[in-house]
Amino acid sequence: VQLQASGGGLVQAGDSLRLSCATSGLTFRDYTIGWFRQPPGKEREFVAAIRSRSSGGRTVVTDSVKGRFTISRDNAKNTVWLGMNSLEPEDTAIYYCAAASGLIASSVPDRGRYHYWGQGTLVTVSS
């Protein structure tokens, strides 16, 4: 199983970025795909997730990015995207995508429940 995160970069506050997570080696539609981020010197935290087809593809977004970030998936392309608007310096972090199966709703933000992880892509937002 491989997850490849891409799309990070250096932007200014207020700009937008779109991260991609391309996957292979798994039955993509059966997995919840989540985005997590790790700011400098801090622990990895949940950002957003989109659930498997059997769970209706529902999205979960953490409060701090709600209204600014959107998550979407294309089951035909085995890819998930994280659209990030109105970026703030506090959004600076390494962003990771991860995959999990069999999650119940309350477990979606729990990074310990995700079986597979990508290598991360760095997002830097300057003020």
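Is Ser-86 buried, partly exposed or exposed? Ser-86 counts as partly exposed, at 40% relative accessibility. Buried means under 20% relative accessible area, exposed over 50%, and partly exposed in between, with a 1.4 Å probe and protein chains only. The legends below start with the whole chain and then turn to single sites.

**View 1. The chain is built from 11 strands and 0 helices.**
This is a predicted model, in which local features need pLDDT of at least 70, side-chain atom pairs count only at pLDDT 80 or more, and totals for chains, interfaces and linings use all residues. Residues are numbered from 1 along each chain as its sequence is written, and side-chain values use heavy atoms, leaving out hydrogens and water. Strands (E, at least two residues) and helices (H or I, at least four) are DSSP runs, numbered from the N terminus. In sequence order the pattern reads β-β-β-β-β-β-β-β-β-β-β. The radius of gyration is 13 Å, close to the 14 Å that the globule rule gives for 127 residues, so the chain is as compact as a globular protein of that length. That radius is taken over C-alpha atoms, and the rule is 2.2 Å times the number of residues to the power 0.38. The C-alpha trace spans about 40 × 25 × 25 Å along its principal axes.

**View 2. Inside and surface of the chain.**
Of the 127 residues, 44% count as buried. Contact means heavy atoms within 4.5 Å. Among contacts between residues at least 6 apart in sequence, 58% join residues at least 24 apart. The chain exposes about 6,400 Å², and carbon and sulfur atoms supply 44% of that area. Accessible areas come from the Shrake-Rupley method with a 1.4 Å probe; for residues, only the protein chains shown count as cover.

**View 3. Charges on the chain, 14 positive and 10 negative side chains.**
Lys and Arg count as positive, Asp and Glu as negative; His and the chain ends are not counted. Each charge is placed at NZ of Lys, CZ of Arg, CG of Asp or CD of Glu. The centres of the two sets lie 9 Å apart. Side chains of opposite charge can pair when their charged atoms come close. The structure holds 7 salt bridges. A salt bridge is a side-chain nitrogen of Lys or Arg within 4 Å of a carboxyl oxygen of Asp or Glu.

**View 4. A salt-bridge network links Arg-37, Glu-45, Arg-68, Glu-88 and Asp-91.**
Within this network, Glu-45 pairs with Arg-37. Their closest N and O atoms are 2.7 Å apart. Arg-37 is buried, with a relative accessible area of 5%. Glu-45 counts as partly exposed, at 31%.

**View 5. Two further salt bridges, Lys-66 with Asp-63 and Asp-110 with Arg-113.**
In the Lys-66 and Asp-63 pair, the closest N and O atoms are 3.0 Å apart. Both residues, Lys-66 and Asp-63, are exposed. For Asp-110 and Arg-113, the closest N and O atoms are 3.6 Å apart. Asp-110 counts as partly exposed at 35% relative accessibility. Arg-113 also counts as partly exposed, at 45%.

**View 6. Asn-78 and Ser-86 have positive phi although neither is a glycine.**
Asn-78 lies in the loop between strand E7 (69-74) and strand E8 (79-84). Its phi is about 55 degrees. Asn-78 counts as partly exposed, at 26% relative accessibility. Ser-86 is found in the loop between E8 and strand E9 (93-100). The phi of Ser-86 is about 50 degrees.
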